[in-house]
Amino acid sequence: MPCVFLFFRSIELALKVVLVHHNVSEHEITRVLGHKISALLSRVESFTALSSIGIGSEDKVLLDRFSDDYAYKSFEYSDDWWHNPHLESLQSLAHRVGDAVRFYGRAKPSDIS
């Protein structure tokens with residue numbers, strides 16, 4: 001299901017934005033962590049609480065559960081749609097994380113007087 005893949009990709013890239021902000025090397029991000037959502041989550045947690053970027057404990061469970069499926073491209077080339085995470089939950093999570101990361105490490109427009 002392409003939507004599932006794209007929502008995971010947006011979460012992956014948002015996590016990588018946080019790592020870039022904290023000067024994690026390109027080599028570590030691309031070669032060591034790669035597309036492994038669980039590994040990216042762990043590395044991001046070394047800098048900030050996941051809740052600060054819109055990821056709650058239930059979200060982390062979902063992301064960890066499907067991390068390998070995403071990393072091994074199961075969502076890109078699969079007809080196994082019944083094994084996919086709940087689409088609306090994943091969509092909401094992807095939007096929440098994307099919105100939170102847009103302003104990560106800088107003042108939000110509402111904070112500026």
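This is a predicted model: local features need pLDDT of at least 70, side-chain atom pairs count only at pLDDT 80 or more; totals for chains, interfaces and linings use all residues.
The protein chain contains 5 helices and 0 strands, where helices (H or I, at least four residues) and strands (E, at least two) are DSSP runs numbered from the N terminus. Read from the N terminus, the order of elements is α-α-α-α-α. Of its 113 residues, 36% count as buried, a class defined by a relative accessible area under 20%, with exposed meaning over 50% and partly exposed in between (1.4 Å probe, protein chains only). Among contacts with a separation of 6 or more, 70% are accounted for by residues 24 or more positions apart, contact being defined as heavy atoms within 4.5 Å.

Two packed helices are described by the angle between their axes and the distance between the axes. The axes of α1 (residues 2–21) and α3 (residues 37–45) come within 10 Å and cross at roughly 30°, the axes being lines fitted to C-alpha atoms, for helices over the stretch in contact, with angles that run from 0 to 180 degrees between N-to-C directions. This angle makes α1 roughly parallel to α3, since angles under 35 degrees count as roughly parallel, those over 145 as roughly antiparallel, those from 65 to 115 as roughly perpendicular, and the rest as oblique. On the α1 side the contact is made by Phe8, Glu12, Leu15, Lys16, Val18 and Leu19, and on the α3 side by Ile37, Leu40, Leu41, Arg43 and Val44. These residues divide into 8 nonpolar, no polar and 3 charged, where Ala, Val, Leu, Ile, Met, Phe, Trp, Tyr, Cys and Pro count as nonpolar, Asp, Glu, Lys and Arg as charged, and the others, Gly among them, as polar.

For helix α4 (residues 57–71) and helix α5 (residues 87–102), the axes come within 11 Å and cross at roughly 110°; the two helices are therefore roughly perpendicular to each other. The crossing of α4 with α5 is left-handed. Asp59, Leu62 and Leu63 of α4 meet Leu90, Leu93 and Arg96 of α5, and by class this contact has 4 nonpolar, no polar and 2 charged residues.

Aromatic side chains were examined next. The structure holds 4 aromatic pairs, a pair being rings of Phe, Tyr and Trp (its six-membered ring) with centres within 6.5 Å, counted as stacked if the planes are under 30 degrees apart, as edge-to-face if over 60, and as tilted otherwise. Phenylalanine 8 and tyrosine 70 form a stacked pair, with 5.5 Å centre to centre and 20° between the planes. This pair links distant parts of the chain, given that phenylalanine 8 belongs to helix α1 and tyrosine 70 to helix α4, 62 residues apart, and both residues are buried. Phenylalanine 66 and phenylalanine 75 form a tilted pair, with 6.0 Å centre to centre and 50° between the planes. Both phenylalanine 66 and phenylalanine 75 are buried. Phe5, Phe8, Phe66, Tyr70 and Phe75 together form one aromatic cluster.

Backbone geometry was considered last. Most residues other than glycine have a negative phi, and most peptide bonds are trans. Asparagine 23, in the loop between α1 and α2 (26–33), has a positive phi near 60° and is exposed, with a relative accessible area of 70%. Lysine 73, in the loop between α4 and α5, likewise has a positive phi, of about 65°, and is partly exposed, with a relative accessible area of 35%. Valine 17, found in helix α1, is partly exposed, with a relative accessible area of 41%, and its C-alpha atom is separated by 10.0 Å from that of isoleucine 29, 12 residues apart along the chain.

Note on methods: Residues are numbered from 1 along each chain as its sequence is written. Side-chain values use heavy atoms; hydrogens and water are left out. A crossing is left-handed if the near helix is turned anticlockwise from the far one by less than a right angle, and right-handed if clockwise.
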